[in-house]
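This briefing is meant to be read beside the sequence and the coordinates.

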There are 2 protein chains.
Amino acid sequence: MSDKIYTACVLVIGNEVLSGRTQDVNINHLGKELTALGIRLMECRIIPDIEGEIVDAVNHCRAKYDYVFTTGGIGSTHDDITAKSIAKAFGREFCMHPVAEPMLLKHYGERANVARMRMAMTPKGAELIDNPVSRAPGFKVENVYVMAGVPLIARAMFDGVKASLKGGKVLASRTISTTDLSEGMLADELSAVQDQHPNVDIGSYPFLKLGGFGVNLVVRGDDPAKIDAACADLIAMVQALGGHAIDGDTKGEVPK
Amino acid sequence: MSDKIYTACVLVIGNEVLSGRTQDVNINHLGKELTALGIRLMECRIIPDIEGEIVDAVNHCRAKYDYVFTTGGIGSTHDDITAKSIAKAFGREFCMHPVAEPMLLKHYGERANVARMRMAMTPKGAELIDNPVSRAPGFKVENVYVMAGVPLIARAMFDGVKASLKGGKVLASRTISTTDLSEGMLADELSAVQDQHPNVDIGSYPFLKLGGFGVNLVVRGDDPAKIDAACADLIAMVQALGGHAIDGDTKGEVPK
């Protein structure tokens with residue numbers, strides 16, 4: 001396996017997410033999936049249904065990252081402008097897709113109408129992404145994957161393409177938690193542990209609980225032995241500071 | 001009230017959101033709050049804990065939008081680099097804040113240590129944002145509001161600043177739903193209703209249900225009478241297409 005680090009960006013396209021009407025869940029799902037594939041999700045943007053904004057974001061991100069995944073705005077209504085905007089971003093004609101058109105004509109039969117058939121339009125030369133839920137396809141142009149916003153469909157579309165994605169080393173992670181030390185009680189020592197383990201990244205995530213804070217310490221890296229070594233030092237650190245250390249895998253307390 | 005449209009951007013700073021470890025909920029909360037204040041959330045970005053990425057995103061967004069709200073990365077541990085990165089973005093010295101320092105010294109008392117006191121450091125000249133939950137403050141530099149990532153604290157910080165935010169006309173919205181028509185069955189007619197009501201924005205949001213799709217049609221605008229007029233036409237449209245129209249406010253079916 002090469003040491004190349006593969007990177008990705010997710011663009012969520014939709015006024016309804018920005019207005020607070022809809023809680024996005026696609027970013028979280030794609031983050032987990034990409035991490036498991038050895039692809040690093042480096043950025044997400046949530047942008048409105050405005051052509052210029054979509055064009056700018058797509059062109060910036062497709063140049064910067066190996067993969068761009070968009071969700072939202074590929075339905076049949078007047079406010080679904082993603083597909084046409086992607087065509088504009090690539091400077092390609094927006095036209096009936098030669099495979100999608102007969103597929104949707106057959107699928108809808110007598111129910112085919114102008115609006116539904118608009119979902120067979122893509123940038124010229126796009127490859128289709130299968131939609132096993134409701135047929136109207138997503139599509140891919142170069143490194144940009146255009147998917148639906150409805151979470152069940154977005155997931156099904158991603159499932160269909162993920163075997164074709166190239167990833168690098170998969171980052172593994174282990175979590176050591178403590179419920180009786182706050183970040184401020186362990187931060188100095190934690191910084192020293194991080195310095196002693198430069199091949200892993202240690203993230204510290206506080207959480208509120210009754211009576212104070214706890215902390216999840218998440219160790220990430222591509223070498224399980226190095227992760228385990230850092231976790232052993234974190235456990236010793238927590239215990240030396242008088243806290244109980246909890247293993248994120250077993251949820252059990254680690255004995256001293 | 002002026003007709004100026006006030007805009008905002010949210011920057012979520014945190015590897016844990018990108019990796020899928022954490023489901024962000026701050027964007028959705030801020031989206032609702034800003035909408036209610038007459039401020040349009042135009043963009044959100046989720047970016048990693050990397051100084052250069054934070055600096056670039058902050059500088060781009062603070063020039064483009066009236067307000068920028070960041071969440072995450074202002075704790076006491078080595079991976080909390082937001083405050084220092086914001087100082088760099090503004091070209092300001094990163095130093096002990098003259099109000100935050102004595103406040104945290106008093107709050108922590110004997111528990112004050114280097115790590116905790118680092119949470120009293122801000123870009124020079126920053127105004128503090130109160131943290132009623134756990135004291136360590138957020139801060140504001142010009143139009144950039146730097147808040148915690150822990151949702152309870154982020155909310156409390158935003159509650160503390162929102163009275164000082166200027167908004168424009170508040171967009172109101174009404175929703176008309178149908179569970180027996182899909183987007184493809186009403187898209188052509190919907191487009192005509194949108195054309196007849198240019199002063200409102202009609203968004204169409206499909207949802208999956210057993211046996212097919214339903215649609216939420218959300219009408220947004222700054223004039224309740226125009227929203228109601230568009231909704232009346234949407235109800236008539238749904239019923240003319242043979243569907244049942246449901247009022248989003250009452251959840252009841254609208255009689256023919």
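Because 7 of its 9 residues are buried, α4(A) is largely enclosed by the rest of the structure; buried means under 20% relative accessible area, exposed over 50% and partly exposed in between, with a 1.4 Å probe and protein chains only. The model is predicted: local features need pLDDT of at least 70, side-chain atom pairs count only at pLDDT 80 or more, and totals for chains, interfaces and linings use all residues. Residues are numbered from 1 along each chain as its sequence is written, chains are lettered from A and ligands numbered from 1 in the order in which they are written, and side-chain values use heavy atoms, leaving out hydrogens and water.

**Helix α4 of chain A**
- The buried residues of α4(A) are T82(A), A83(A), S85(A), I86(A), A87(A), A89(A) and F90(A). Helices are DSSP runs of H or I with at least four residues, strands are runs of E with at least two, and both are numbered from the N terminus.
- G91(A) follows α4(A) and has a positive phi, near 65°.

**Packing of α3 against α4**
- Helix α3 (residues 51–64) of chain A packs on helix α4 (residues 82–90) of chain A at an angle of about 55°, and their axes are 9 Å apart. Axes are lines fitted to C-alpha atoms, for helices over the stretch in contact, and angles run from 0 to 180 degrees between N-to-C directions.
- The two helices α3(A) and α4(A) are therefore oblique to each other, a class left over once angles under 35 degrees (roughly parallel), over 145 (roughly antiparallel) and 65 to 115 (roughly perpendicular) are set aside.
- On the α3(A) side, E51(A), I54(A), V55(A), V58(A), N59(A) and R62(A) meet T82(A), S85(A), I86(A), K88(A), A89(A) and F90(A) of α4(A); contact means heavy atoms within 4.5 Å.

**S177 of chain A**
- S177(A) belongs to strand β9 (residues 172–178) of chain A, and its 10% relative accessibility is why it counts as buried.
- The side chains of S177(A) and N216(A) are joined by a polar contact of 2.6 Å. Such a contact is a pair of N or O atoms within 3.5 Å; within protein, one must be able to donate a hydrogen and the other to accept it, and residues adjacent in sequence count only if both atoms are side-chain atoms.

- Most residues other than glycine have a negative phi.
- E142(A), in the loop between β7 (138–141) and β8 (144–147) of chain A, has a positive phi near 50°.
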